[in-house]
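Reader: Can you walk me through this model? I am new to reading structures.

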Amino acid sequence: MPPHTALLPLLLVVLLASPSLGTPLEVDKDAAKAMHSIIDLPECQELKKICIHQKSSDNLSMLECVLTFSSSQLEELPEGCQHAVWLQQRQLQLPAWLEHQFLPSYCPAERSKLEGCLNSVNLWSCLDQQRLKLPQSNACHQHLRRGYEALGQDYSAVDEFYTACGSLVEQLKCGRLNVDHLPSVLSQLGTVQCLQSSASKSGLDATCQSAVNAIELQRGMLELFRVCGDDLAALCPQEKAGTAGGFKCLMRHKNHPSMSSQCAQQITQRDQQMGSDYRVSHGLAKACKEDIKLNHCRKGVSEDKHVRLAQILLCLESVSKNGTKLAPACLAELGDHRRMLMTDYQLSPELLSDCADDIPKFCPEEHKAQLVNGLASTGGEIIHCLLSHVKARRQQRRVTTQCQRGLETLIKVSDAGEDWRVDPVLRRACKPVVDAACKDVEGGEARVMRCLLERIGTPVMLPECEQALLIIEYFVARDFKLDPQLYKHCRADAELYCRAKKQWDDVQNLQMDPERGPMILPCLHRMAFSEDEHQTLRPECFKEVKRVMRQRAISMDLIPEVEDYCLNDLSLFCADCTEKGSEMECLQKNMDQLQNECKAVVIKYTEEEAAHVELNPVIMSVCGEAMQQHCSAILKSGKDNGKQAYNQ
């Protein structure tokens with residue numbers, strides 16, 4: 001045996017400096033001399049027969065040998081031997097072990113040059129770079145290469161688990177080998193199963209539990225791709241199994257006629273898990289990891305606890321709305337998940353529980369299709385069906401209050417009012433209109449939505465597009481924060497004059513709800529025409545308020561301060577009114593018969609309508625061109641105070 005290999009049998013010798021969890025492993029040199037190597041352990045005697053081809057019997061050689069084993073060979077190794085080999089692979093990532101065992105034994109001459117890597121963030125990357133500077137014939141060069149290869153390709157992914165659970169694995173002797181040759185952190189699945197059974201009484205500490213949860217999530221994804229292997233190859237040939245892109249592609253095709261029911265059921269189960277724990281979406285968790293941490297999106301929830309997808313999306317959207325830039329990859333994931341939410345209601349736990357009775361009651365056809373096929377509706381139909389029943393005139397045709405709250409949350413989390421492409425039903429219904437009338441409009445900040453609203457009542461608008469559009473705008477009209485341009489330009493004025501909260505995602509901000517507090521937009525409208533020169537809106541906000549009030553006059557659904565008080569009267573007197581602006585005209589004609597609350601708000605709106613002609617859609621549609629020709633000066637000034645109608 002060459003001289004430099006004399007100390008090799010001692011390489012595995014490492015003792016805990018303290019029996020308490022989390023204490024780094026230290027080497028007791030005196031005890032090291034008395035310890036046996038892996039091949040001398042009673043549990044590892046079989047290695048003498050199987051690894052006879054190895055040139056050396058040192059621990060690193062035994063690790064190299066075991067890494068070539070088949071699944072059946074690994075399974076036959078006693079647990080004690082598996083733990084010893086697992087420990088050897090773990091020790092390759094411990095700076096203390098490398099400093100006191102590896103370098104003195106394998107690289108004594110090069111030790112001084114290599115010790116600088118021990119404090120490096122990426123220890124083995126640094127060592128490998130130093131290795132390349134050595135001649136290939138150099139013994140240290142060869143041993144560094146052996147150590148690097150023995151770590152495995154995914155060693156950096158496993159490092160977090162080693163750090164979080166290594167000491168507990170050592171204490172419980174739970175190190176297990178990768179019997180099924182699984183990738184990345186799934187290589188630790190056997191170790192995790194041992195930890196879960198051995199620590200069942202005392203439980204795992206929060207840090208280790210979080211790492212275990214991450215492996216369990218990966219395990220679920222592995223099972224999904226196992227079941228959906230043929231579906232992925234047929235429907236998503238460009239995507240690879242196990243990737244975020246592959247999962248998203250399968251989700252998009254969940255309702256495809258050729259998808260197997262087993263695969264669709266796996267995706268549905270994954271959807272439900274993702275709604276309760278955002279980390280199930282590996283792409284989102286990875287791309288937004290730093291943004292979630294920097295912006296405290298977990299809000300005090302410990303790492304071992306689940307955080308709902310909605311909480312994370314709301315937090316990230318709030319950060320973006322309030323001017324902080326997110327990483328491009330995180331922004332892309334955010335957009336993908338917003339579209340997913342509007343496509344599949346099963347991603348929203350609130351809808352699953354709060355609308356459980358409403359779905360079969362109001363959406364029987366869509367619900368029947370789900371039960372028969374074992375699938376969700378084909379691209380958001382159940383969601384849109386529920387949304388349409390929020391704005392139903394008759395109380396008995398409206399969804400329950402708790403279901404309405406769940407739908408309000410969905411619209412806010414998905415931010416459907418910002419991007420017309422987020423909602424699949426709206427996208428399908430309005431694409432011909434966008435192609436014909438809005439194709440040159442810049443995307444983002446609801447610009448296309450605004451273009452579509454301005455086309456209502458024109459020949460280019462399609463009935464199905466108008467219906468889908470007004471459903472989304474019904475919710476936007478009830479929360480000024482859901483209109484990106486209005487929020488951007490009027491946020492400061494709303495905080496100053498209308499008691500709006502500062503945070504976009506403030507879940508306690510109940511005043512935005514018309515049933516539970518003052519409305520922001522009507523307040524801004526009053527301020528827009530205030531005669532007090534010390535209380536006036538900024539020009540850019542004034543412009544947006546005028547624009548929104550003009551758009552809201554299209555439909556009673558978009559005037560919550562009137563509609564929410566006049567539901568019964570609208571149902572009684574105006575059920576057949578479908579023309580633009582006809583519902584308000586109907587209420588005005590039946591003024592004497594209206595209930596007191598409804599009469600009061602209609603009178604108030606009528607007075608505002610008389611003073612501000614843009615609130616009267618009938619006049620705007622009939623006299624718009626004449627006003628542009630004869631009253632352009634007043635139009636440009638913005639504040640007509642009734643002068644336009646008078647001059648006409």
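Author: What follows is a short talk about cavities, a helix, aromatic rings and some loops. This is a predicted model, where local features need pLDDT of at least 70, side-chain atom pairs count only at pLDDT 80 or more, and totals for chains, interfaces and linings use all residues. Residues are numbered from 1 along each chain as its sequence is written, and side-chain values use heavy atoms, with hydrogens and water left out.

Reader: OK, how many cavities of 30 Å³ or more are there?

Author: The search of the whole structure gives 3 of them. On a 1 Å grid over the protein atoms alone, a cavity is a set of points where a 1.4 Å probe fits but cannot get out; lining residues have an atom within 4 Å of a point. The largest cavity holds about 250 Å³ of space, a volume being the space filled by probe spheres set on the points, which are joined across faces, edges and corners.

Reader: Which residues are closest to the centre of the largest cavity?

Author: Glu473, Val476, Ala477, Asp483 and Val548, out of 25 residues that line the largest cavity.

Reader: And which helices supply at least two residues of that lining?

Author: They are α26 (447-454), α27 (463-476), α28 (484-497), α29 (520-528) and α30 (539-552). Helices here are DSSP runs (H or I, at least four residues), numbered from the N terminus. The largest share, 4 residues, comes from α30.

Reader: What kinds of residues make up the lining of the largest cavity?

Author: There are 14 nonpolar, 3 polar and 8 charged residues in it. Ala, Val, Leu, Ile, Met, Phe, Trp, Tyr, Cys and Pro count as nonpolar, Asp, Glu, Lys and Arg as charged, and the others, Gly among them, as polar.

Reader: Back to α27. Why is it called largely enclosed?

Author: Because 10 of its 14 residues are buried, α27 is largely enclosed by the rest of the structure. Buried means under 20% relative accessible area, exposed over 50%, and partly exposed in between (1.4 Å probe, protein chains only). Among the buried residues of α27 are Cys465, Leu470, Glu473 and Val476.

Reader: What covers the buried residues of α27?

Author: The cover includes α19 (328-343), α23 (381-388), α24 (401-414), α25 (424-438), α26 and α31 (560-563). That cover is counted by contact, meaning heavy atoms within 4.5 Å.

Reader: New topic. How many aromatic pairs does the search find?

Author: It finds 7 in the whole structure. Rings of Phe, Tyr and Trp (its six-membered ring) pair if their centres lie within 6.5 Å; planes under 30 degrees apart count as stacked, over 60 as edge-to-face and the rest as tilted. Trp124 and Tyr148 have ring centres 6.3 Å apart and planes at 40 degrees, so that pair is tilted. Trp124 is in helix α8 (residues 123-131) and Tyr148 in helix α9 (residues 139-151), so the pair ties together parts 24 residues apart in sequence.

Reader: Are those two buried or exposed?

Author: Trp124 counts as buried at 2% relative accessibility, while Tyr148, at 31%, counts as partly exposed.

Reader: Last one: where is His296?

Author: His296 sits in the loop between α17 (289-294) and α18 (309-321). It is exposed, with a relative accessible area of 60%. His296 has a positive phi of about 55 degrees although it is not a glycine. Most residues other than glycine have a negative phi.

Methods. 1 Å grid on protein atoms, 1.4 Å probe; cavity = no way out; pocket = protein on both sides within 12 Å on 5 of 7 lines; lining within 4 Å.
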